[in-house]
Structure formats: structure tokens, C-alpha cells
Amino acid sequence: MKDTLKHKGKRKQLVKVLEDKGILSRAVLSAVTEIPRHLFMDSGFEDHAYQDKAFPIGAGQTISQPYTVAFQSELLQLSKGDKILEIGTGSGYQTAVLCTMGAKVFSIERQQELFKKTKLLLSKLGYRPKYLSFGDGYKGLEEFAPYKGIIVTAGAPYVPKPLLSQLAIGGRLVIPVGDDPQMMTLFVRKTETQFEKTELGEFRFVPLLENKN
Ligand code: SAH
């Protein structure tokens with residue numbers, strides 16, 4: 001597993017693309033600059049790693065498009081040390097971005113094969129999420145709640161209640177909602193019972209699967 005100057009050069013170009021598309025957060029852009037995205041894909045596909053595109057990672061799943069990862073990460077407005085819950089660990093790339101931004105990351109994946117493979121990869125690459133969970137993201141992860149941010153990286157047909165209830169006051173839930181495409185939706189928890197909702201445009205994700213664990 002190698003990261004070369006050539007890869008670093010390509011990452012700089014990718015960062016430029018993300019800036020041109022409107023990503024402003026320095027923390028997000030520097031995470032993309034640092035993280036060897038090609039190592040989160042099967043070797044042989046590394047030519048695709050630094051294009052701004054989603055890509056299949058096996059088992060019918062995808063590594064999200066860099067712009068989507070950047071957009072969602074920016075929406076979390078996280079500060080170092082914040083507890084963040086990710087639904088859909090997948091390739092682990094988004095997890096690595098959040099770790100690099102200084103978050104305490106908890107992440108859930110329901111596909112056992114991917115869960116195992118990604119857990120190993122993240123540790124090999126030196127990323128240290130607080131906890132990787134094999135389970136159903138619809139339920140969130142109650143034991144470590146509340147979270148400052150929750151990021152859902154699969155298309156949710158509806159907003160799962162546990163995710164709203166596991167948000168800290170002032171916390172942010174970033175979730176693509178709907179069938180195909182999904183509406184990127186931000187919920188900010190204002191009080192125990194009040195949430196402010198903002199819709200931020202259409203995106204395409206693989207589905208958040210229910211009752212399949
Ligand atoms: N964050 C990932 C995106 C992966 S695609 C990345 O950066 O690569 C979405 C992932 O969500 C898939 O790995 C899929 O298996 C997972 N997923 C789908 N339904 C889920 C559920 N109910 N609970 C947890 N993970 C789920």
C-alpha cells in the first residue's frame with residue numbers, strides 16, 4: 001500500500017475541484033489533501049480514486065463521491081473532540097475524514113464482510129475511530145449518545161427517530177432523505193423537543209437498508 005507524490009499531486013487537483021464546487025471548510029479540504037483515497041478502493045481502480053466520482057467497493061456498495069463527503073462533513077460544523085456518529089462505514093473513507101478533522105468517531109456498518117475489511121484497513125492506515133459497530137444504523141448507537149453530529153451516508157426512506165433522539169442539544173444530523181434521488185437534509189436540535197430542518201439539494205446514495213441485519 002503506497003502513497004506517492006503522484007497521488008498527492010492528484011489530491012491537490014481534487015481539492016481544487018471541491019473548492020470550485022463551493023467547499024469552504026479548511027479542515028475538510030486539508031483532510032482530503034492528506035488522506036490517500038486510493039487505498040480505500042481495490043487496487044487496480046486507483047486511476048479513479050481522485051476523480052470526483054462515487055465508485056463501487058464490492059457487495060453492491062459504493063465509496064461516496066468526494067464532493068458529497070466534503071459537503072456532508074462541512075455541514076457537521078464539527079470542532080476537535082466532538083463526538084460524531086456515522087451510519088454506513090462502507091469503505092471507511094468518510095470515517096478517515098472525520099478522524100483527521102479531530103472528531104471522536106463512532107461508525108456503524110450492517111454488512112459483515114465490509115465491516116471486517118474496513119476495520120482492519122482503518123487500523124492499518126493508522127486511523128483511530130473510537131468505536132466501529134457491526135449493526136443496524138436505524139437504531140443509532142444509544143450507549144455512546146448524545147452526539148454532536150450524526151452523518152448518514154446511505155439514502156434513508158425516512159428519518160429514523162433514534163437518530164434525532166441521540167443528538168445533543170445544538171447537535172446536527174446530516175441525512176439524505178428519500179428514494180432516488182435523496183434530499184440532503186440538516187436537522188439542528190434546538191431544544192429537547194424542537195428541531196430546525198433545512199433542505200440542501202439532491203444527491204444519490206445507495207439505500208439505507210432496514211431489517212436486514
Ligand atoms: N461512508 C461510506 C459510504 C458507503 S455507502 C464511505 O465513505 O465509503 C453506504 C454504506 O451504508 C454501505 O456500506 C452499506 O452497507 C451501509 N448501510 C446500509 N444500510 C445500513 C444500515 N441500516 N445500517 C448501517 N449501515 C448501513
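Reader: On what basis are the values given?

Author: This is a predicted model, in which local features need pLDDT of at least 70 and side-chain atom pairs count only at pLDDT 80 or more, while totals for chains, interfaces and linings use all residues. Residues are numbered from 1 along each chain as its sequence is written, and side-chain values use heavy atoms, with hydrogens and water left out.

Reader: What volume does the largest pocket have?

Author: A pocket is an open set of points on a 1 Å grid over the protein atoms alone, where a 1.4 Å probe fits, with protein on both sides within 12 Å along at least five of seven lines; a cavity is a set of such points from which the probe cannot get out. Points are joined across faces, edges and corners, and a volume is the space filled by probe spheres set on them. For the largest pocket this space is about 520 Å³.

Reader: Which element gives the most to the lining of the largest pocket?

Author: Lining residues have an atom within 4 Å of a point, and the largest pocket has 34 of them, with Gln-61, Thr-62, Thr-153, Ala-154 and Val-206 nearest its centre. Elements are DSSP runs numbered from the N terminus, helices being H or I of at least four residues and strands E of at least two. At least two lining residues come from each of β2 (61-63), α3 (66-76), β3 (83-87), α4 (93-100) and β4 (104-109). The element that gives the most, with three residues, is β2.

Reader: How many charged residues are in the lining of the largest pocket?

Author: Ala, Val, Leu, Ile, Met, Phe, Trp, Tyr, Cys and Pro count as nonpolar, Asp, Glu, Lys and Arg as charged, and the others, Gly among them, as polar. On that division the lining has 14 nonpolar and 15 polar residues, and the number of charged residues is five.

Reader: Which helix gives the most to the lining of the second largest pocket?

Author: This pocket has a volume of about 360 Å³. Its lining of 18 residues has Leu-39, Phe-40, Met-41, Asp-42 and Leu-121 nearest the centre, and it divides into eight nonpolar, five polar and five charged. Six lining residues, the most from any element, belong to residues 112-125, helix α5.

Reader: From which element does the largest share of the lining of the largest cavity come?

Author: One cavity of 30 Å³ or more is present, and the space in the largest cavity is about 30 Å³. Thr-89, Gly-90, Glu-109, Leu-114, Phe-115, Thr-118, Lys-119 and Leu-132 line this cavity, giving three nonpolar, three polar and two charged residues. The largest share, four residues, comes from α5.

Reader: Are α1 and α2 roughly parallel or roughly antiparallel to each other?

Author: Axes are lines fitted to C-alpha atoms, for helices over the stretch in contact, and angles run from 0 to 180 degrees between N-to-C directions. Angles under 35 degrees count as roughly parallel, over 145 as roughly antiparallel, 65 to 115 as roughly perpendicular and the rest as oblique. The axes of α1 (residues 5-20) and α2 (residues 26-34) come within 8 Å and cross at roughly 150 degrees. The two helices are therefore roughly antiparallel.

Reader: Which residues of α3 and α4 make the contact between these helices?

Author: The axes of α3 and α4 come within 11 Å and cross at roughly 40 degrees, which makes α3 oblique to α4. With contact meaning heavy atoms within 4.5 Å, α3 contributes Val-69, Gln-72, Ser-73 and Leu-76, and α4 contributes Tyr-93, Gln-94, Val-97 and Leu-98.

Reader: Where does Pro-181 lie?

Author: The peptide bond from Asp-180 to Pro-181 is cis, with omega near 0 degrees. A cis bond also joins Ala-145 and Pro-146, with omega about 5 degrees, and Pro-146 is in the loop between β5 (131-134) and β6 (147-152). Pro-181 is placed in the loop between β7 (167-177) and β8 (182-189).

Reader: What is the phi of Gln-77?

Author: Gln-77 is found in the loop between α3 and β3. Although this residue is not a glycine, its phi is positive, at about 45 degrees.
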